[in-house]
Amino acid sequence: MIGTPLAGNNNWRKVLQNFSLPVSVKHDSLLAECYNILVNGGYIDVELGTKLFESPNLSGISALADLIKKSRFGNYVYFNDNLHVNTTNICVLACRFCAFRKGPRHNDAYALSVDEYLHRIKPYSEIIDEVHSVGGLHPDWTVEFYEELYRAAKKTFPHIHIKSLTAVEVKHISSRSGLTVEETLSRLKLAGLDSLPGGGAEILVDSVRNRICRGKESSEEYLAIHEIAHGLGIKTNCTMLFGTVETVRERAIHLHKLRIQQDVSNGFQCFVPYPFLPDKSRLPEAQLASLNEIIRVIAISRIMLDNIPHIKAYRMNIGSNVASIALNSGADDIDGTVNHEEIMHEAGSSARLDSDSEELAKIIENVNSTPIKRNTTYSNFTRYKRKPNDDRRRLPVAQSTS
Ligand code: SF4
């Protein structure tokens, strides 16, 4: 859409109303009902969400999600320049889907020192503006270690945003340090923590959590920790791990809980859904997500999460090809350059780690969208211009429908 602000349209429901609906939406009573609810200021509840997960009309669901995405962000697709640094793979828990964690005596167990952490960032420090750091629940690390880590990172690389810690890490650090979650997050914020990445939500239904990640924080605790972060002015993302043992209704419940939480604390910036990546040893009973389901989850997220602005096609997990389909099914963000990543790659991801801004922009342009480089908090945007190349394949430009 011409004239869409780089930060997106606040009045997207009105813009959505002006689009002419494709047949796959108009002639589907469920999708027409969802469309009418959204343009009239409402939201999609668990019952309707479950019906969307059960609907055979994937092309209609994707089309509606794409219209909502375009109403909010036109043809823009966002990405950033970032680096993943995992602090430790030693973890006191053993979630059944996790390929990353190691026991403290395992040959491949590691725990970065502060100097090693800085050393990992250094080679990329001129080309990134975000470091994404999560890790296992180290049995010895307390709030003091993380304070030292963030202080040192901020002192050495003041321009780099620190997006770090999942909710369960925050809970673990709090209890190891004898502090409340609020006290822990306040101290870490003071030391340099800027935002939380949102990992570890899995499925926010405790019977599912008891089967796949017993001992982790409860659904209520995940949401409460994010609410406390939001109250302290710390923005967060939220996630969903699907394709383990959950039902489609439990996926709808998960999305509903996130949108209700957002109404309360309004600090989620982006929703990041990703499927379980299997191997022979972990969760053999998992019902793995098909390509149809991956696209469906992303599209339904866009339809149900009317109050969470950004939906990410998490390339590190689903790969660039699936991510490019997701960009036409409701996703507006393709994550970052990443440069180094362990958690998804230990689990079997083969997503490339050497993608620079040019490569990400190419994925975005190949779906007729405009690449926009953003900062972590979606408050600074630059239209990304690829280097000139006369041999480039030309694609037809999508026409605006309003
Ligand atoms: S998912 Fe996180 S908390 Fe669970 S075992 Fe892996 S590293 Fe530990």
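**Figure 1. Helix H13 in a predicted model.** Helix H13 covers residues 291–304, 14 residues in total. From its first C-alpha to its last, H13 reaches 20 Å. That is close to the 20 Å expected at 1.5 Å a residue. The model shown here, as in every view below, is predicted. Eleven of the 14 residues of H13 are buried, so the helix is largely enclosed by the rest of the structure. Among the buried residues are Ile294, Ile295, Val297, Ile298, Ile300 and Ile303. Arg296 and Arg302 are buried as well. An α-helix has 3.6 residues a turn, so residues three or four places apart point the same way.

**Figure 2. The loop that lies between S7 and H13.** Strand S7 spans residues 268–275, and a loop lies between S7 and H13. Leucine 283 sits in this loop. Its phi is near 45 degrees, a positive value in a residue other than glycine. Most residues other than glycine have a negative phi. Leucine 283 has 19 C-beta neighbours inside 10 Å, so it counts as partly exposed. Proline 284 is found in the loop between S7 and H13 too. Proline 284 is exposed, because 9 other C-beta atoms lie within 10 Å and a residue with 12 or fewer counts as exposed. Lysine 373 is 89 residues from proline 284 along the chain. Their C-alpha atoms are separated by 40 Å.

**Figure 3. The surroundings of the ligand.** Which residues surround the ligand? They are Cys91, Leu93, Ala94, Cys95, Cys98, Phe100, Arg101, Gly136, Leu137, Val168, Cys213 and Lys216. By class, this shell has nine nonpolar residues, one polar residue and two charged residues. Cysteine 95 lies in the loop between strand S2 (82–84) and helix H6 (114–121). Is cysteine 95 buried or exposed? Cysteine 95 is buried, with 21 other C-beta atoms within 10 Å. Glycine 3 is 92 residues from cysteine 95 in sequence. In space, the two are 46 Å apart, C-alpha to C-alpha.

Figure 4. Helix H3 takes in residues 29–39, and helix H5 takes in residues 58–73. The two pack at an angle of about 15 degrees. Their axes are 10 Å apart. That angle makes H3 roughly parallel to H5. The crossing of H3 past H5 is right-handed. Serine 71 has its place in H5. It has 24 C-beta neighbours inside 10 Å, so serine 71 counts as buried. Serine 329 is 258 residues away from serine 71 in sequence. In space, C-alpha to C-alpha, the two serines are 13 Å apart.

**Figure 5. Helices H4 and H12.** Helix H4 runs over residues 46–54, and helix H12 over residues 248–265. How are H4 and H12 set against each other? They pack at an angle of about 135 degrees, with axes 8 Å apart. H4 and H12 are therefore oblique to each other. H4 passes H12 in a right-handed crossing.

**Figure 6. Aspartate 335 in strand S9.** Strand S9 covers residues 333–336, and aspartate 335 lies in it. Aspartate 335 is not a glycine, yet its phi is positive, at about 65 degrees. Aspartate 335 is buried, with 23 other C-beta atoms within 10 Å.

Technical notes: Residues numbered from 1 in each chain as written. Predicted model: local features only at pLDDT ≥ 70, side-chain atom pairs only at ≥ 80, totals over all residues. Helix = DSSP H or I, 4+ residues; strand = E, 2+ residues; numbered from the N terminus. Expected span 1.5 Å × (residues − 1). Buried ≥ 20, exposed ≤ 12 C-beta atoms within 10 Å, placed from the backbone. Near = placed C-beta within 6 Å. Nonpolar A, V, L, I, M, F, W, Y, C, P; charged D, E, K, R; others polar. Axes fitted to C-alpha atoms, helices over the stretch in contact; angles between N-to-C directions. Parallel < 35°, antiparallel > 145°, perpendicular 65-115°, else oblique. Left-handed = near helix turned anticlockwise from the far one by under 90°.
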